[in-house]
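User: I am new to this structure and would like to learn how to read its features. Please take them in turn.

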Amino acid sequence: MLYYFFEYLHQTLDVPGAGVFQYITFRSGLAIILSLMISTIYGKRIINYLRKQQIGETVRELGLEGQTQKAGTPTMGGLIIIFSTLIPVLLLAKLDNIYVVLLIVTTLWMGTIGFIDDYIKIFKKDKEGLKGRFKVIGQVGLGLIVGSVLYFHPGVTVRTDTSTTDIFKEGTVITAVAKEEKSTATTIPFFKNNEFDYAEILAWAGDDYKDYAWLIFIPVVIFIITAVSNGANLTDGIDGLAAGTSAISVLTLGIFAFVSGNIIFSNYLNIMYIPNSGEMTVYIAAFVGSLIGFLWYNAYPATVFMGDTGSLTIGGIIAVLAIAVRKELLIPVLCGIFLAENLSVVLQVAYFKYTKNKYGEGRRIFLMSPLHHHYQKKGYHESKIVTRFWIVAILLAIFSLVSLKLR
């Protein structure tokens with residue numbers, strides 16, 4: 001909203017200094033400051049309200065050290081993340097940008113699913129919360145929306161050739177620039193000439209195979225959103241783990257969004273140029289600020305938990321960001337913590353069932369899953385576990401950024 005107000009002041013009234021709002025970097029800086037202020041100042045009020053309403057965490061007995069002390073800690077703290085992200089975005093971002101609209105829809109959609117889940121757990125006294133099939137239906141629904149918009153919307157284009165060619169003709173220089181085009185191309189990290197088009201999978205279908213690329217693209221989007229949101233949900237198990245690792249991943253995606261949306265940087269780095277995607281940097285800045293502000297209260301010992309309201313929202317946003325900047329194939333590296341947590345659960349359950357059928361008694365790979373609980377069972381303090389997971393997340397983020405030039 002403020003963006004349009006200052007645009008009017010700059011273009012119509014020619015007010016000195018108003019043009020600074022045209023710069024993504026300036027608005028991103030304001031967004032992170034504003035979201036930090038909202039999450040830290042008003043976050044305390046939300047926590048007090050949650051405590052007053054007795055919206056506390058019900059802790060299952062898992063035999064973990066310090067577990068009983070967490071009982072009654074306010075949950076649904078994901079509301080802090082959502083509000084402190086959306087308010088700066090609504091004030092500072094271009095609200096007619098299709099990528100920003102998609103991210104707002106993702107935030108509200110996944111936040112609603114998580115809120116319903118937490119509501120059932122707390123007020124209906126059902127520890128299982130929202131049935132798993134309904135969560136999956138919600139995630140698939142969001143995937144259909146995101147995939148369809150990215151595929152069919154005319155404003156979603158790419159330019160794989162960012163170079164310009166100067167043609168000399170009778171003393172006149174004519175600059176030929178590659179055209180923006182609709183495409184389902186994505187980036188394969190760490191490979192030279194690393195663009196891969198999902199449509200190529202259907203090349204056997206005939207000359208018009210690209211018309212049916214949505215049959216591949218949309219299911220891929222659905223799978224990624226479902227997998228990443230569930231990974232974030234599983235990671236939210238000890239104080240500060242999900243918020244901290246997510247902030248690192250999102251900040252990295254912010255760098256990808258900024259360079260991909262800038263023709264100069266994308267040309268220098270020889271990467272895919274995605275017009276208008278740079279505007280996502282404003283949203284990302286607000287989101288990072290809200291996560292860091294939330295950590296102020298969620299760091300050990302936590303005075304609030306994000307609940308599924310926060311974890312499902314975080315996972316959905318990270319997935320949509322990665323898909324929008326065509327870096328979804330980098331998710332296993334960038335979100336390696338989420339992947340490890342997911343795999344630990346899958347392997348644990350699969351191995352337990354296999355050994356139970358074979359030997360009559362189920363056996364386990366880990367002392368407990370998800371992975372962070374395994375280290376708790378080994379006697380590590382949760383602060384040490386969180387700090388080390390953060391360090392791993394930083395290393396994975398650096399490795400992901402290196403993919404811009406290392407091919």
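User: Is Asp 117 buried or exposed, and what relative accessible area does Asp 117 have?

Analyst: Buried means under 20% relative accessible area, exposed over 50%, and partly exposed in between, with a 1.4 Å probe and protein chains only. Asp 117 has a relative accessible area of 0%, so Asp 117 is buried. This is a predicted model: local features need pLDDT of at least 70, side-chain atom pairs count only at pLDDT 80 or more, and totals for chains, interfaces and linings use all residues. Residues are numbered from 1 along each chain as its sequence is written, and side-chain values use heavy atoms, with hydrogens and water left out.

User: Which residue meets Asp 117 in a salt bridge?

Analyst: A salt bridge is a side-chain nitrogen of Lys or Arg within 4 Å of a carboxyl oxygen of Asp or Glu. Here the side chain of Asp 117 meets that of Lys 135, at 3.3 Å from N to O. The pair links distant parts of the chain, with Asp 117 in helix 4 (residues 98-123) and Lys 135 in helix 5 (residues 132-152), 18 residues apart. Helices are DSSP runs (H or I, at least four residues), numbered from the N terminus. Lys 135 counts as buried because its relative accessibility is 14%.

User: Which residues are linked with Lys 135 in a network of salt bridges?

Analyst: The network links Lys 135 with Asp 117, Lys 121 and Asp 308. Lys 135 forms a salt bridge with Asp 308, where the closest N and O atoms are 3.1 Å apart. Asp 308 lies in helix 10 (residues 307-324), 173 residues from Lys 135. Both Lys 135 and Asp 308 are buried.

User: How many salt bridges does the structure hold?

Analyst: The structure holds 6 salt bridges. One of them joins Glu 279 to Arg 27, with the closest N and O atoms 2.6 Å apart. Glu 279 lies in the loop between helix 8 (263-269) and helix 9, and Arg 27 in helix 2, so the pair ties together parts 252 residues apart in sequence. Glu 279 and Arg 27 are both buried.

User: How are helix 2 and helix 9 placed relative to each other?

Analyst: Two packed helices are described by the angle between their axes and the distance between the axes. Axes are lines fitted to C-alpha atoms, for helices over the stretch in contact, and angles run from 0 to 180 degrees between N-to-C directions. The axes of helix 2 (residues 24-52) and helix 9 (residues 280-298) come within 7 Å and cross at roughly 30°. Angles under 35 degrees count as roughly parallel, over 145 as roughly antiparallel, 65 to 115 as roughly perpendicular and the rest as oblique. Helix 2 and helix 9 are therefore roughly parallel to each other.

Definitions and conventions:
Helices (H or I, at least four residues) and strands (E, at least two) are DSSP runs, numbered from the N terminus.
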